[in-house]
Amino acid sequence: MRFSVLASGSSGNAIYIENDKHTFLVDAGFSAKKMDSLVAGIDRSMKQVDGIFVTHEHSDHIKGIGVVARKYGIPIYANEKTWQAMDGLVGNIPLDQRFQFDMETVKSFGSLDVQSFGVSHDAADPMFYIFHENGRKLVVITDTGYVSDRMKGFIRGADSFVFESNHDVSMLQMGRYPWSVKRRILSDVGHVSNEDAAVAMSEVVEQKDTRIYLSHLSKDNNMKDLARMSVSQTLETCGIRTGEFVHLYDTDADKPTELVTV
């Protein structure tokens, strides 16, 4: 199993996952033209994509869904409430490309199992995904106001995480956003901070080589160096020294990470 964070941030999100027989995306939060460019950036093509798993209906996760579905005939997977919330946002998607993926269920594609789990975010029925193959585990969780014990149970022990590290609390509090937006981001249905993300990570990583991709960084309330430093320091406070078995990686808002094997 191989993956790349094609892009992640306030303006859009998309993740690429493949094995020897199947190719999938989690979300397509960019225009079809930009999605083509991002996938080409890892020497792949949108024509290869066998399906897109939708996490929730916010525009930075579904902006390109309708166009790429129609252009390439790609099946789209989402839960019932997310489909209902998306219907007026993505245009017509043919019935034979619309698939329901219920919360806390597993769909199998040959040797690749895809598991869904719920998160706490201000969307209709937000959920994220865990990819399992040959004893290896990739977790994607990029939008949640907090990480509950139930979520931790699902994601614990992954070999690779694409994990939200959205904002620095001080930057957010002192920044230009109106208080209503700040309150939403800081709430239990908003986004996790660098420090809160690290505390959650400290409770789910195991004593083995683990990659953590810090994702969905706010363009106004975070910076890559700050996120990496904050997460590293908090993990160390929790007894986990990065660079030993836990390795932190940046993601970008407009270009893909290296395609790596889980």
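Me: Which strand gives the most to the lining of the largest cavity?
Reply: β2, with three residues (strands are DSSP E runs of at least two residues, helices H or I runs of at least four, numbered from the N terminus). This is a predicted model, where local features need pLDDT of at least 70 and side-chain atom pairs 80 or more, while totals for chains, interfaces and linings use all residues. Numbering starts from 1 along each chain as its sequence is written, and side-chain values use heavy atoms, without hydrogens or water.

Me: How many cavities of 30 Å³ or more turn up?
Reply: One, from a search of the whole structure (a cavity is a set of points on a 1 Å grid over the protein atoms alone where a 1.4 Å probe fits but cannot get out; lining residues have an atom within 4 Å of a point).

Me: And what volume does the largest cavity have?
Reply: About 50 Å³, counted as the space filled by probe spheres set on the points, which are joined across faces, edges and corners.

Me: Which residues line it?
Reply: A7, S8, N13, A14, I15, V26, D27, H61, F128, V140 and T142. Both β1 (2-9) and β2 (12-18) supply at least two residues each.

Me: Switching topic: at what angle do α8 and α9 pack?
Reply: About 45°, with the axes of α8 (194-202) and α9 (224-237) 8 Å apart (axes are lines fitted to C-alpha atoms over the stretch in contact, and angles run from 0 to 180 degrees between N-to-C directions).

Me: Which residues of α8 meet α9?
Reply: N194, E195, A198, V199, M201 and S202 in α8, against L226, A227, S230, V231, T234 and L235 in α9 (contact is heavy atoms within 4.5 Å).

Terms used
1 Å grid on protein atoms, 1.4 Å probe; cavity = no way out; pocket = protein on both sides within 12 Å on 5 of 7 lines; lining within 4 Å.
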